Amino acid sequence: MHELLRTVPAGAVTTYGDLAGALGARSVARQVGYALAALPEGTDVPWHRVVDGRGLVTRPGSANAKRQCKLLRSEGVTVGRDGRVAEFASRRYALVWRA
DNA sequence: CAATTGACTCAGC
DNA sequence: AGCTGAGCCAATT
């Protein structure tokens with residue numbers, strides 16, 4: 001899954017559901033997030049490019065949320081005050097799971 | 001081993 | 001258009 005996430009280019013974003021769907025089961029979106037939560041700090045996986053199904057940055061109150069927003073903006077992604085990704089539909093990356 | 005929880009999502013109001 | 005409720009599957013306790 002991390003590899004699939006690694007295929008997401010900078011400036012693009014993806015959703016838990018899409019990620020899960022690309023893996024085979026759309027219903028495991030939660031577990032995708034769960035897996036990301038277990039991700040170590042020094043990971044090369046762009047976990048910050050993952051948002052929820054509506055282009056909203058999840059986990060309210062978390063310090064990581066701010067970091068994610070900043071990272072996204074540094075990659076050219078505009079994030080609204082409420083964590084909404086601008087032009088999310090267009091920035092949404094077409095995930096392709098390599099069999 | 002069974003119950004609860006959770007970085008989600010869809011359908012209703 | 002935004003909030004609430006119910007559904008979903010795996011990990012934790």
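Helices here are DSSP runs of H or I with at least four residues, strands are E runs of at least two, and both are numbered from the N terminus. With that in hand, here's a quick tour of a predicted model. It starts with the protein's surroundings of DNA strand B and DNA strand C, then moves on to helix α4 (residues 63-74) and ends with R49, a residue in the loop between α3 and β2.

**Around DNA strand B**

- DNA strand B has 15 residues around it, and the closest are R30, Q31, G33, G53 and R59.
- Of the atoms of DNA strand B that come within 4 Å of the protein, sugar and phosphate make up 31%.
- Two helices, α2 (16-23) and α3 (29-37), each put at least two residues into the surface near DNA strand B.
- The largest share of that surface comes from α3, with 6 residues.
- Sorted by class, the surface near DNA strand B has 5 nonpolar, 6 polar and 4 charged residues.
- Y16 places a polar side-chain atom 3.3 Å from a base nitrogen of DNA strand B.
- A37 uses its backbone instead: one of its backbone N or O atoms sits 2.7 Å from a base nitrogen of DNA strand B.
- For the phosphate, look at G17, where a polar backbone atom is 2.9 Å from a phosphate oxygen of DNA strand B.

**Around DNA strand C**

- The residues surrounding DNA strand C are S27, V28, R30, Q31 and Y34.
- Sugar and phosphate account for 67% of the DNA strand C atoms that come within 4 Å of the protein.
- By class, the surface near DNA strand C splits into 2 nonpolar, 2 polar and 1 charged residues.
- R30 has a side-chain N or O atom 3.4 Å from a base nitrogen of DNA strand C.
- Q31 also goes for a base, with a polar side-chain atom 2.7 Å from a base oxygen of DNA strand C.
- In the case of Y34, a polar side-chain atom lies 3.1 Å from a sugar or linking oxygen of DNA strand C.

**Helix α4**

- Helix α4 has 12 residues, so at 1.5 Å a residue it should span 16 Å, and the 17 Å between its end C-alpha atoms agrees with that.
- Its buried residues are A65, Q68, C69 and L72.
- β2 (50-51) is part of what covers the buried residues of α4.
- After α4 comes G76, which has a positive phi, near 100 degrees.

**R49, a buried arginine in a loop**

- R49 sits in the loop between α3 and β2.
- Its relative accessibility is 11%, and because the cut-off for buried is under 20%, R49 counts as buried.
- What does the side chain of R49 make a polar contact with? The partner is the side chain of E75, at 2.8 Å.
- Leaving out neighbours within four places in sequence, R49 is in contact with V8, P9, A10, A12, V13, T14, L72 and E75.
- That list includes L72, which is one of the buried residues of α4.

Conventions
Residues are numbered from 1 along each chain as its sequence is written. Chains are lettered from A and ligands numbered from 1 in the order in which they are written. This is a predicted model: local features need pLDDT of at least 70, side-chain atom pairs count only at pLDDT 80 or more; totals for chains, interfaces and linings use all residues. Side-chain values use heavy atoms; hydrogens and water are left out. A residue is near a molecule or strand if one of its heavy atoms lies within 4 Å of it. A polar contact is a pair of N or O atoms within 3.5 Å; within protein, one must be able to donate a hydrogen and the other to accept it, and residues adjacent in sequence count only if both atoms are side-chain atoms. Ala, Val, Leu, Ile, Met, Phe, Trp, Tyr, Cys and Pro count as nonpolar, Asp, Glu, Lys and Arg as charged, and the others, Gly among them, as polar. The expected span of a helix is 1.5 Å times one less than its number of residues. Buried means under 20% relative accessible area, exposed over 50%, partly exposed in between (1.4 Å probe, protein chains only). Contact means heavy atoms within 4.5 Å.
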